Amino acid sequence: MDNMNNKVLKIENLSIAFGGLKAVDDLSFDINEGEIFGLIGPNGAGKTTVFNCITQFYKPDEGKIYFKNNKGEVEDLVGVKTHEIIGKGLVRTFQNIELIRELTVVENVMVGAHIDFKASLFNQFFRLKKTREEEAKIRKRAEDILDHMGLLAIKDMLTAGQPYGVLKKIELARALMLNPKLIILDEPAAGLNDTETLSLVNLIREIRDERNCSILLIEHDMKFVNGLCDRICAINFGKLLAIGTPQEIQKNQEVQIAYLGKEDD
Ligand SMILES: Nc1ncnc2c1ncn2[C@@H]1O[C@H](COP(=O)(O)OP(=O)(O)OP(=O)(O)O)[C@@H](O)[C@H]1O
Ligand SMILES: [Mg+2]
(Lines give C-alpha, C1' and ligand atoms only; values in the text may rest on other atoms or scores of the structure.)
(Ligands and ions follow the chains in the order given, each with its own letter.)
Protein backbone atom coordinates (compact mmCIF):
# COMPACT_ATOMS: atom_id res chain seq x y z
CA MET A 1 0.00 0.00 0.00
CA ASP A 2 1.48 3.36 -0.80
CA ASN A 3 1.40 6.64 0.99
CA MET A 4 -1.91 7.65 2.59
CA ASN A 5 -0.46 10.84 4.08
CA ASN A 6 -3.27 13.26 3.39
CA LYS A 7 -5.84 10.72 2.29
CA VAL A 8 -8.74 9.17 4.11
CA LEU A 9 -9.78 6.70 1.40
CA LYS A 10 -7.95 5.15 -1.51
CA ILE A 11 -9.73 2.87 -3.93
CA GLU A 12 -7.54 0.82 -6.22
CA ASN A 13 -8.69 -1.16 -9.25
CA LEU A 14 -12.14 -1.91 -7.86
CA SER A 15 -14.28 -4.31 -9.91
CA ILE A 16 -17.54 -6.15 -9.34
CA ALA A 17 -19.80 -7.95 -11.79
CA PHE A 18 -23.37 -9.16 -11.48
CA GLY A 19 -23.79 -12.07 -13.85
CA GLY A 20 -22.20 -10.85 -17.05
CA LEU A 21 -22.60 -7.17 -16.17
CA LYS A 22 -19.52 -5.30 -14.98
CA ALA A 23 -21.15 -2.80 -12.62
CA VAL A 24 -17.78 -1.40 -11.49
CA ASP A 25 -14.82 -1.90 -13.79
CA ASP A 26 -11.23 -1.30 -12.63
CA LEU A 27 -12.07 1.94 -10.83
CA SER A 28 -9.48 3.88 -8.82
CA PHE A 29 -9.77 7.18 -6.96
CA ASP A 30 -8.79 8.63 -3.63
CA ILE A 31 -10.20 11.17 -1.22
CA ASN A 32 -8.15 13.68 0.75
CA GLU A 33 -8.72 14.40 4.40
CA GLY A 34 -11.24 17.21 4.74
CA GLU A 35 -12.34 16.91 1.14
CA ILE A 36 -15.89 16.98 -0.19
CA PHE A 37 -15.75 14.54 -3.09
CA GLY A 38 -18.52 13.90 -5.61
CA LEU A 39 -19.18 10.69 -7.55
CA ILE A 40 -21.30 11.34 -10.64
CA GLY A 41 -22.54 9.39 -13.62
CA PRO A 42 -25.73 8.48 -15.49
CA ASN A 43 -28.36 6.15 -14.00
CA GLY A 44 -26.95 2.65 -13.66
CA ALA A 45 -23.34 3.87 -13.96
CA GLY A 46 -22.37 1.94 -10.81
CA LYS A 47 -22.29 4.73 -8.22
CA THR A 48 -24.35 3.05 -5.49
CA THR A 49 -22.48 -0.19 -6.19
CA VAL A 50 -19.21 1.61 -5.39
CA PHE A 51 -20.74 2.68 -2.05
CA ASN A 52 -21.93 -0.86 -1.39
CA CYS A 53 -18.42 -2.14 -2.04
CA ILE A 54 -16.82 0.45 0.26
CA THR A 55 -19.18 -0.49 3.10
CA GLN A 56 -18.88 -4.21 2.25
CA PHE A 57 -22.58 -4.65 1.58
CA TYR A 58 -21.14 -6.22 -1.55
CA LYS A 59 -17.83 -8.03 -1.68
CA PRO A 60 -15.80 -6.71 -4.63
CA ASP A 61 -14.42 -9.22 -7.13
CA GLU A 62 -11.15 -7.32 -7.25
CA GLY A 63 -9.50 -4.27 -5.80
CA LYS A 64 -8.42 -2.63 -2.58
CA ILE A 65 -10.26 -0.12 -0.44
CA TYR A 66 -7.80 1.53 1.92
CA PHE A 67 -9.32 3.57 4.72
CA LYS A 68 -7.59 5.61 7.39
CA ASN A 69 -9.70 4.77 10.43
CA ASN A 70 -10.47 6.94 13.44
CA LYS A 71 -7.29 5.72 15.14
CA GLY A 72 -5.25 6.94 12.17
CA GLU A 73 -4.43 3.40 11.03
CA VAL A 74 -4.71 2.46 7.36
CA GLU A 75 -6.42 -0.80 6.50
CA ASP A 76 -8.03 -2.52 3.56
CA LEU A 77 -11.78 -2.73 4.14
CA VAL A 78 -12.27 -5.65 1.78
CA GLY A 79 -13.47 -8.57 3.89
CA VAL A 80 -14.24 -6.47 6.97
CA LYS A 81 -17.81 -6.77 8.29
CA THR A 82 -20.16 -3.89 7.56
CA HIS A 83 -20.91 -3.11 11.21
CA GLU A 84 -17.20 -3.14 12.03
CA ILE A 85 -16.55 -0.59 9.31
CA ILE A 86 -19.07 1.77 10.87
CA GLY A 87 -17.19 1.43 14.18
CA LYS A 88 -13.99 2.45 12.42
CA GLY A 89 -15.44 5.83 11.48
CA LEU A 90 -17.10 5.34 8.10
CA VAL A 91 -20.84 5.94 7.97
CA ARG A 92 -23.39 6.28 5.18
CA THR A 93 -26.87 7.38 4.34
CA PHE A 94 -29.03 5.54 1.84
CA GLN A 95 -30.48 6.40 -1.58
CA ASN A 96 -33.86 5.44 -0.13
CA ILE A 97 -34.12 6.90 3.35
CA GLU A 98 -33.95 4.24 6.06
CA LEU A 99 -35.50 5.44 9.30
CA ILE A 100 -37.89 3.91 11.82
CA ARG A 101 -41.13 5.72 11.24
CA GLU A 102 -42.64 4.58 14.56
CA LEU A 103 -39.93 6.27 16.62
CA THR A 104 -39.53 9.95 17.40
CA VAL A 105 -36.99 12.11 15.61
CA VAL A 106 -34.49 12.08 18.49
CA GLU A 107 -34.88 8.34 18.96
CA ASN A 108 -33.95 7.76 15.32
CA VAL A 109 -30.81 9.82 15.77
CA MET A 110 -29.96 7.90 18.96
CA VAL A 111 -29.96 4.66 16.97
CA GLY A 112 -26.83 6.01 15.27
CA ALA A 113 -24.90 5.51 18.51
CA HIS A 114 -25.28 1.80 18.02
CA ILE A 115 -22.76 0.46 15.55
CA ASP A 116 -24.68 -2.66 14.64
CA PHE A 117 -26.30 -0.74 11.80
CA LYS A 118 -28.90 -2.09 9.42
CA ALA A 119 -29.40 -5.51 11.07
CA SER A 120 -32.62 -4.41 12.69
CA LEU A 121 -32.88 -0.75 13.43
CA PHE A 122 -35.89 -1.26 15.66
CA ASN A 123 -34.27 -3.89 17.90
CA GLN A 124 -31.17 -1.80 18.19
CA PHE A 125 -33.10 1.03 19.69
CA PHE A 126 -34.25 -1.16 22.52
CA ARG A 127 -30.88 -2.79 23.00
CA LEU A 128 -29.48 0.71 23.29
CA LYS A 129 -31.28 1.27 26.58
CA LYS A 130 -28.53 -0.26 28.68
CA THR A 131 -28.39 2.07 31.61
CA ARG A 132 -30.24 5.26 32.24
CA GLU A 133 -26.98 7.14 32.47
CA GLU A 134 -25.73 5.85 29.17
CA GLU A 135 -29.04 6.57 27.51
CA ALA A 136 -29.08 10.11 28.88
CA LYS A 137 -25.63 10.74 27.42
CA ILE A 138 -26.61 9.41 24.02
CA ARG A 139 -29.83 11.43 24.10
CA LYS A 140 -27.91 14.59 24.92
CA ARG A 141 -25.54 14.02 22.00
CA ALA A 142 -28.45 13.37 19.64
CA GLU A 143 -30.15 16.56 20.82
CA ASP A 144 -26.99 18.60 20.30
CA ILE A 145 -26.73 17.38 16.72
CA LEU A 146 -30.42 18.06 16.08
CA ASP A 147 -30.01 21.51 17.58
CA HIS A 148 -27.17 22.19 15.20
CA MET A 149 -29.38 21.20 12.29
CA GLY A 150 -32.23 23.41 13.44
CA LEU A 151 -34.40 20.39 14.27
CA LEU A 152 -34.49 20.58 18.06
CA ALA A 153 -38.07 21.86 18.09
CA ILE A 154 -39.35 18.66 16.49
CA LYS A 155 -37.16 16.19 18.43
CA ASP A 156 -40.06 14.53 20.22
CA MET A 157 -42.35 14.36 17.21
CA LEU A 158 -43.00 11.12 15.40
CA THR A 159 -40.71 10.53 12.43
CA ALA A 160 -43.59 9.37 10.24
CA GLY A 161 -45.17 12.32 8.47
CA GLN A 162 -42.10 14.58 8.57
CA PRO A 163 -41.36 16.33 5.27
CA TYR A 164 -38.86 14.68 2.95
CA GLY A 165 -36.15 17.29 3.51
CA VAL A 166 -36.41 16.78 7.26
CA LEU A 167 -36.15 12.99 6.94
CA LYS A 168 -32.95 13.43 4.95
CA LYS A 169 -31.52 15.60 7.72
CA ILE A 170 -32.52 13.11 10.41
CA GLU A 171 -30.65 10.39 8.54
CA LEU A 172 -27.61 12.65 8.31
CA ALA A 173 -27.90 13.46 12.03
CA ARG A 174 -27.94 9.74 12.81
CA ALA A 175 -24.77 9.27 10.74
CA LEU A 176 -22.99 11.94 12.80
CA MET A 177 -23.53 10.13 16.11
CA LEU A 178 -20.36 8.06 15.72
CA ASN A 179 -18.05 11.00 14.98
CA PRO A 180 -17.19 9.64 11.52
CA LYS A 181 -14.00 10.40 9.65
CA LEU A 182 -15.74 9.78 6.34
CA ILE A 183 -19.44 10.21 5.60
CA ILE A 184 -20.85 8.81 2.39
CA LEU A 185 -24.14 10.18 1.14
CA ASP A 186 -26.16 8.57 -1.64
CA GLU A 187 -28.13 11.32 -3.43
CA PRO A 188 -28.62 13.60 -0.41
CA ALA A 189 -30.37 16.31 -2.46
CA ALA A 190 -32.77 14.05 -4.38
CA GLY A 191 -36.35 15.17 -3.88
CA LEU A 192 -35.42 18.41 -2.13
CA ASN A 193 -36.69 21.81 -3.28
CA ASP A 194 -34.30 24.71 -3.99
CA THR A 195 -34.44 26.12 -0.46
CA GLU A 196 -33.88 22.71 1.14
CA THR A 197 -31.01 22.02 -1.28
CA LEU A 198 -29.27 25.28 -0.41
CA SER A 199 -29.69 24.60 3.29
CA LEU A 200 -28.19 21.13 2.77
CA VAL A 201 -25.18 22.54 0.92
CA ASN A 202 -24.46 24.81 3.87
CA LEU A 203 -25.05 22.02 6.36
CA ILE A 204 -22.64 19.62 4.62
CA ARG A 205 -19.98 22.34 4.45
CA GLU A 206 -20.45 23.08 8.15
CA ILE A 207 -20.18 19.40 9.04
CA ARG A 208 -16.93 19.12 7.09
CA ASP A 209 -15.47 22.30 8.61
CA GLU A 210 -16.50 21.73 12.21
CA ARG A 211 -16.06 17.99 12.45
CA ASN A 212 -12.90 17.77 10.47
CA CYS A 213 -14.18 14.88 8.38
CA SER A 214 -14.37 14.04 4.68
CA ILE A 215 -17.49 13.59 2.62
CA LEU A 216 -18.10 11.37 -0.39
CA LEU A 217 -21.40 11.93 -2.12
CA ILE A 218 -23.38 10.77 -5.12
CA GLU A 219 -25.68 13.33 -6.66
CA HIS A 220 -27.39 13.99 -9.98
CA ASP A 221 -28.06 17.68 -9.31
CA MET A 222 -25.03 19.26 -11.02
CA LYS A 223 -25.57 22.67 -9.45
CA PHE A 224 -25.37 21.00 -6.06
CA VAL A 225 -22.28 18.96 -6.99
CA ASN A 226 -20.42 21.85 -8.62
CA GLY A 227 -21.21 24.24 -5.79
CA LEU A 228 -20.22 21.86 -3.02
CA CYS A 229 -17.50 19.47 -4.14
CA ASP A 230 -13.75 20.11 -4.08
CA ARG A 231 -13.26 17.36 -6.64
CA ILE A 232 -15.50 15.13 -8.71
CA CYS A 233 -15.07 11.64 -10.15
CA ALA A 234 -17.23 10.89 -13.20
CA ILE A 235 -17.95 7.29 -14.16
CA ASN A 236 -19.93 5.55 -16.89
CA PHE A 237 -20.58 1.81 -17.27
CA GLY A 238 -18.57 1.33 -14.07
CA LYS A 239 -15.45 2.86 -15.62
CA LEU A 240 -13.60 6.03 -14.77
CA LEU A 241 -14.23 8.93 -17.16
CA ALA A 242 -12.41 11.75 -15.37
CA ILE A 243 -11.40 13.09 -11.98
CA GLY A 244 -10.94 16.79 -11.35
CA THR A 245 -12.26 20.04 -10.00
CA PRO A 246 -15.85 20.98 -10.87
CA GLN A 247 -14.48 23.32 -13.57
CA GLU A 248 -12.36 20.58 -15.10
CA ILE A 249 -15.21 18.09 -15.06
CA GLN A 250 -17.64 20.58 -16.60
CA LYS A 251 -15.19 21.17 -19.45
CA ASN A 252 -14.35 17.50 -20.00
CA GLN A 253 -15.60 16.32 -23.41
CA GLU A 254 -16.05 12.66 -22.46
CA VAL A 255 -18.07 13.61 -19.42
CA GLN A 256 -20.24 15.92 -21.47
CA ILE A 257 -20.96 13.21 -24.00
CA ALA A 258 -21.54 10.40 -21.52
CA TYR A 259 -23.16 12.18 -18.66
CA LEU A 260 -24.96 15.07 -20.25
CA GLY A 261 -25.66 13.28 -23.51
CA LYS A 262 -24.40 16.13 -25.67
CA GLU A 263 -21.17 17.15 -27.36
CA ASP A 264 -21.31 20.83 -26.51
CA ASP A 265 -23.62 23.63 -25.39
N1 LIG B 1 -27.47 -6.57 -6.37
C2 LIG B 1 -27.45 -6.44 -7.70
N3 LIG B 1 -27.71 -7.48 -8.52
C4 LIG B 1 -27.67 -7.34 -9.85
N5 LIG B 1 -27.38 -6.19 -10.49
C6 LIG B 1 -27.13 -5.10 -9.74
C7 LIG B 1 -27.13 -5.17 -8.30
N8 LIG B 1 -26.84 -3.93 -7.82
C9 LIG B 1 -26.66 -3.15 -8.90
N10 LIG B 1 -26.83 -3.85 -10.05
C11 LIG B 1 -26.67 -3.34 -11.40
O12 LIG B 1 -25.43 -2.68 -11.48
C13 LIG B 1 -25.53 -1.50 -12.29
C14 LIG B 1 -25.14 -0.29 -11.47
O15 LIG B 1 -26.16 -0.02 -10.52
P16 LIG B 1 -26.04 1.13 -9.43
O17 LIG B 1 -27.23 1.01 -8.53
O18 LIG B 1 -24.70 1.07 -8.82
O19 LIG B 1 -26.14 2.43 -10.34
P20 LIG B 1 -26.18 3.97 -9.92
O21 LIG B 1 -25.07 4.63 -10.65
O22 LIG B 1 -26.24 4.12 -8.45
O23 LIG B 1 -27.55 4.42 -10.59
P24 LIG B 1 -28.67 5.48 -10.07
O25 LIG B 1 -28.15 6.83 -10.48
O26 LIG B 1 -29.87 5.11 -10.88
O27 LIG B 1 -28.86 5.31 -8.61
C28 LIG B 1 -26.96 -1.45 -12.80
O29 LIG B 1 -27.00 -2.03 -14.07
C30 LIG B 1 -27.71 -2.30 -11.77
O31 LIG B 1 -28.84 -2.88 -12.35
MG1 LIG C 1 -27.64 4.79 -7.13
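## Core packing and ligand shell

Leaving aside neighbours within four places in sequence, Ile183 is in contact (heavy atoms within 4.5 Å) with Val91, Leu172, Leu176, Ile207, Cys213, Ser214, Ile215 and Leu216. This is a predicted model, in which local features need pLDDT of at least 70 and side-chain atom pairs count only at pLDDT 80 or more, while totals for chains, interfaces and linings use all residues. Side-chain values use heavy atoms, with hydrogens and water left out, residues are numbered from 1 along each chain as its sequence is written, and chains are lettered from A and ligands numbered from 1 in the order in which they are written.

Ile183 is also, together with Met149, Ile204, Ile207 and Leu217, one of the residues that touch the most other members of the largest nonpolar core, which has 48 residues. Such a core is a set of buried Ala, Val, Leu, Ile, Met, Phe, Trp, Tyr and Cys residues joined through side-chain atoms within 4.5 Å, where buried means under 20% relative accessible area (1.4 Å probe, protein chains only).

Around ligand 1 there are 15 residues (a heavy atom within 4 Å), the closest being Gly44, Lys47, Thr48, Thr49 and His220. The table gives polar contacts, meaning pairs of N or O atoms within 3.5 Å.

| Residue atom | Ligand 1 atom | Distance |
|---|---|---|
| Ala45, backbone N or O | oxygen | 3.2 Å |
| Lys47, side-chain N or O | oxygen | 2.7 Å |
| Tyr58, side-chain N or O | nitrogen | 3.0 Å |

The protein covers 64% of the 640 Å² of accessible area (Shrake-Rupley method, 1.4 Å probe) that ligand 1 has on its own.

Conventions. Buried < 20%, exposed > 50% of the residue type's maximum accessible area, 1.4 Å probe, protein only. Polar contact = N/O pair within 3.5 Å; in protein donor to acceptor, adjacent residues only side chain to side chain.
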